[in-house]
Amino acid sequence: MNIEKTGKGGGRLFGSGRCSSLSGSPGAAPVVHRMVEAMSQLQEEKSQLQEELVVLRERLALHDSDQHATSTQLQNQVENLKEKLISQAQEVSRLRSELGGTDLEKHRDRLMVENERLRQELQELRAQPAAPCPGCEHSQESTQLRDKLSQLQLEVAENKGMLSELNLEVQQKTDRLAEVELRLKDCLAEKAQEEERLSRRLRDSHETIASLRAQSPPVKYVIKTVEVESSKTKQALSESQARNQHLQEQVAMQRQVLKEMEQQLHSSHQLTAQLRAQIAMYEAELERAHGQMLEEMQSLEEDKNRAIEEAFARAQVEMKAVHENLAGVRTNLLTLQPALRTLTNDYNGLKRQVRGFPMLLQEALRSVKAEIGQAIEEVNNNNQELLRKYRRELQLRKKCHNELVRLKGNIRVIARVRPVTKEDGEGPEATNAVTFDPDDDSIIHLLHKGKPVSFELDKVFSPGASQQDVFQEVQALITSCIDGFNVCIFAYGQTGAGKTYTMEGTPENPGINQRALQLLFSEVQEKASDWQYTITVSAAEIYNEVLRDLLGREPQEKLEIRLCPDGSGQLYVPGLTEFQVQSVEDINKVFEFGHTNRTTEFTNLNEHSSRSHALLIVTVRGVDCSTGLRTIGKLNLVDLAGSERVGKSGAEGHRLREAQHINKSLSALGDVIAALRSRQGHVPFRNSKLTYLLQDSLSGDSKTLMVVQVSPVEKNASETLYSLKFAERVRSVELGPGSRRTELGSWSSQEHLEWEPACQTPQPSARAHSAPTSGTSSRPGSIRRKLQPSGRSRPVPV
Ligand code: ADP
Ligand code: MG
């Protein structure tokens, strides 16, 4: 349009200028010539321009055709791209339909259905009872197969997981594809717009060319027009060239994009192929697993069927056996029916009998009761008779015992020789002075000042004798205490001869005291079904003729011996503590307590204990559960003060008083025992606290045992001689009513055989009975006296 306007204006201007110059110069040939020249030049120029125009036209046409070709090419390209896009979209949709969600989903659904079916089958299999053949091998197989199945299920679950992963991947790919598609669409839209614009410009150019062609400008303006048009065309050409260039760039860019897209498509194709291959692999895997599962299911099914068949066969066999049994039972039943009939008859008969049974029972009960009553009466009578006999037997036993005691002598004397100890020292003084008779255990020989002296006692224990041996000898005495007898056991001898060892012993090797109590406990326990016993213990000491309670709270308190106020003539010590003991532990506690009392009281216990008499008084009280008969027996265990003659060495003061008291009490004991054995009318019990306290236990049918302790060594030979003489004198007091005699030579120096207790005074210098005599009962010339039997006898405690 611009070009057109410019051309028209220019033409008019050019025409008016030329008209004025031709009319204004009259007649000038050079001017014409110049004009002709100019004209020819113009002509040349015109032809040149025309040529150029032709060229331009040609070029324009060429350009047009080029442009056309380019646009067609572009159109084609766009078409191609569109087609490709459509085909891609189709391909994508096809792929999606082929591989995407639908198929996978279908496959997954199929798997799920399959899985569900398998699960149901498994449940059915599990639910199937193992009854037909419990514990058979098929059940094991079935369990194995079930395990396999569960494994397969696990695999299926894994495959499912993989499938879902693949699904996810495919979904991602699809999303990417959609993205690419979208971008492609955008590119296409851009292309279309560009194309639209290009075609519009092409159309404009065509129109311009057409309008240019349609113009037929006058010749005079041709050159100008051509000039103008030429420049315009040049401009248009350059513009179109630039546009063309731009379009080519765009096309190149599009090509690049297309190439990229093609590459993407290619890669997505590859990916798809890969995915397909994977899916195919998984499908194959699944197929294989499914096949395996099916196979296992098949084998399971077969096993199951086989097991069922076997069970069925077995059941049939069993059924057959049961049928046979049934037939047998039926026949049995048939045969049993008559028996049942007879049984029914019997039953009816019994029923009738049962109806009459209460009557019969009552009658029977009555007669049985009468019989039982009679029997009880008979038993009662028998019991009465037995009791009467038992009491008579008891009396008889007592009588026999008394008789035995009378015959044997209720006073026995034994000797115990202790072993040589370290304290005895060494040298000639410590040599052994005591020997024994290997054939007679009642004989002891002493070598005194080179002369052998022999003594006969009831028993002699050599140093080898154990505590138990000695205890066995006294055991019978102790048990008689349970029967209500009073017993006294004395340990007599010089200090250090073993009195305390024999009576108390050591904790590891206890003496008579503890063993006696143990024995009493066990005896009492043995009789516990018929008798009820209580055992009490008191401990006292007599020192310088003063009686003290070793178990009391105030051991230094002097105790007195009194007559029972009930007129029974019995003695008792007011304030003397009595402990009831039930076990060995109790005894130990009592001993310990007594010991502590003694220890705290005296600084030199050994010294003190050898100067005092220690008494353990055990009282056993019994009640016969069936008869109510009561007994009381006392066991006095006495560790006497040392019998050594202190006075000889001229002791004075305190020591002399001690010696006098010991002399007095030991003499009194000797006298009492002698009087008792010789059954004298008067027994000087009151001559000492010791004999007075033990009066009950020394008189009557009481039993006394004296253990004379002897030191074996030479240096003690004099004291040993003295002790053994004393022992033999005690023993040799013979028993027997009137006819018995006893050797009284050794006692002659004392007036205490006809004693008046009040006038008895001990000899201060030496023991009253210490006059030297040979001491053997068989010694010729010994003076014997007839002794009257003791009129006093303690009644048996009841
Ligand atoms: P006593 O009481 O007569 O003064 P002991 O009983 O204290 O004498 O004894 C003096 C020593 O001799 C003690 O060491 C004691 O252990 C010991 N003894 C006494 N008799 C025996 C014996 N049969 N066996 C062993 N050792 C004894
Ligand atoms: Mg002692």
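Ligand 1 is surrounded in this predicted model by Arg416, Arg418, Pro419, Gln494, Thr495, Gly496, Ala497, Gly498, Lys499, Thr500 and Tyr501. A residue belongs to this shell if one of its heavy atoms lies within 4 Å of the ligand. Three shell residues are nonpolar, five polar and three charged. Here Ala, Val, Leu, Ile, Met, Phe, Trp, Tyr, Cys and Pro count as nonpolar, Asp, Glu, Lys and Arg as charged, and the others, Gly among them, as polar. Helix H8, residues 499–503, gives the most to the shell, with three residues. Helices (H or I, at least four residues) and strands (E, at least two) are DSSP runs, numbered from the N terminus.

Arg416 places a polar side-chain atom 3.5 Å from a nitrogen atom of ligand 1. A backbone N or O atom of Gly496 lies 2.7 Å from an oxygen atom of the ligand. For a polar backbone atom of Gly498, the distance to a ligand oxygen atom is 3.1 Å. Alone, ligand 1 exposes 550 Å², and the protein buries 71% of that (Shrake-Rupley method, 1.4 Å probe).

The UniProt annotation "binding site", from an unreviewed entry, covers Gly493, Gln494, Thr495, Gly496, Ala497, Gly498, Lys499 and Thr500. Such annotations may be inferred rather than shown by experiment. Gly493 lies in the loop between strand E6 (487–492) and H8.

The unreviewed UniProt entry also annotates a "coiled-coil region" at residues 32–197, 244–310 and 365–396. Residues 365–396 are 100% helix and 0% strand, with end C-alpha atoms 44 Å apart.

Residues are numbered from 1 along each chain as its sequence is written, and chains are lettered from A and ligands numbered from 1 in written order. Local features need pLDDT of at least 70, side-chain atom pairs count only at pLDDT 80 or more, and totals for chains, interfaces and linings use all residues, while side-chain values use heavy atoms, without hydrogens and water.

Notes. A polar contact is a pair of N or O atoms within 3.5 Å; within protein, one must be able to donate a hydrogen and the other to accept it, and residues adjacent in sequence count only if both atoms are side-chain atoms.
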